[in-house]
Amino acid sequence: MTARIIDGKAIAQEVRAEWKIRADALKARGITPGLAVIIVGEDPASKVYVANKVKACAELGLHSEHIALPADTSEAALLAKIAELNADPKIHGLLVQLPVPKHIDGDKVLNAISPDKDVDGFHPINVGALATGNMRFAPCTPYGSLVLLQKSGVSIEGKHAVVVGRSNIVGKPMALLLLQHNATVTICTSKTVDLAKYTRDADILVVATGRPKMITGDMIKLGAAVIDVGINRMADGKLCGDVDFESAKEVAGWITPVPGGVGPMTITMLVANTVQSAERSAGI
Ligand SMILES: Nc1nc(=O)c2c([nH]1)NC[C@@H]1CN(c3ccc(C(=O)N[C@@H](CCC(=O)O)C(=O)O)cc3)C=[N+]21
Ligand SMILES: [Mg+2]
């Protein structure tokens with residue numbers, strides 16, 4: 001059997017069109033949703049992501065500000081910039097591209113962003129809201145992964161979902177979202193003993209480990225839905241996921257490619273969260 005390839009680019013376009021209608025409705029009331037992205041330093045991969053975010057905003061007619069600060073920006077200067085944007089009525093969504101340079105405390109940065117503008121969903125208040133089932137902003141990568149499953153017609157309720165990876169930005173919130181949709185959820189880590197025992201039992205397998213091609217076809221249940229969150233740049237310059245696509249697609253029922261899978265959805269949900277934030281600020 002060969003898996004159905006989940007076309008993240010196509011689904012992202014479809015979802016963006018839905019959110020454009022809501023953005024246009026806000027603009028008709030004189031409110032243009034606005035996103036500010038702060039990037040500290042020169043990471044080349046981050047530059048690609050930030051450029052994609054700004055492009056997606058333009059596509060939906062949103063206001064966006066891209067604030068590039070030098071790598072030696074002090075923590076105090078960054079916190080001051082965040083405070084300024086927290087108070088700026090043109091801005092409904094605000095994020096600081098991670099990772100930040102070592103001399104800056106990442107947790108302090110996440111705590112400084114107004115929870116009402118935290119479109120990444122990384123502020124502890126929003127993490128707590130997700131954990132208690134009162135979601136305000138779901139983190140964009142897990143949210144996008146969930147929408148990919150839903151739009152592909154994969155049923156979640158009652159199914160065994162296995163998440164490999166326990167990061168705050170993907171693994172943990174992904175597990176919470178799946179739990180919210182009544183999946184039976186297992187979270188594995190890089191230390192899990194006999195990882196394949198768990199992955200082979202997964203109806204839905206989400207992989208976010210940052211280890212290129214670590215999940216191979218023999219670790220996947222026949223017909224499973226496989227969401228590959230990994231983006232690894234190989235020596236030849238090509239991108240690959242955390243799943244070995246070639247062997248996995250022979251076993252899986254659905255699979256996301258890298259690139260063109262989760263990545264475009266991450267950007268889309270960021271824009272969606274920004275529009276939703278603007279709706280909330282307008283009392284909608
Ligand atoms: N505060 C914060 N929020 C984030 O959401 C955040 C972050 N920091 N730091 C870095 C990661 C990574 N990330 C991606 C976004 C888009 C693509 C994307 O568009 N990927 C394309 C291709 C990208 C390429 O060609 O390099 C794809 O998969 O098809 C990938 C990765 C957001 N992140
Ligand atoms: Mg993300």
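**Helix α2 and its setting**

Reader: Into which domains is the chain divided?

Author: This is a predicted model, in which local features need pLDDT of at least 70 and side-chain atom pairs count only at pLDDT 80 or more, while totals for chains, interfaces and linings use all residues. Residues are numbered from 1 along each chain as its sequence is written, and chains are lettered from A and ligands numbered from 1 in the order in which they are written. With bounds that come from an automatic or database domain assignment, the chain is divided into domain 1 (31-116) and domain 2 (140-263).

Reader: Which elements do the buried residues of α2 pack against?

Author: Val50, Lys53, Ala56 and Cys57 of α2 are buried, meaning that 20 or more other C-beta atoms, placed from the backbone, lie within 10 Å of each residue's own. Seen down the axis, these buried residues fall within an arc of 120°, taken from the directions from the helix axis to the C-beta atoms, so they line one face of the helix. With contact defined as C-beta atoms, placed from the backbone, within 7 Å, they pack against β2 (34-40), β3 (63-69) and α10 (262-281).

Key: A residue is buried if 20 or more other C-beta atoms lie within 10 Å of its own, exposed if 12 or fewer, and partly exposed in between; C-beta atoms are placed from the backbone. Helices (H or I, at least four residues) and strands (E, at least two) are DSSP runs, numbered from the N terminus. Two residues are in contact if their C-beta atoms, placed from the backbone, lie within 7 Å.
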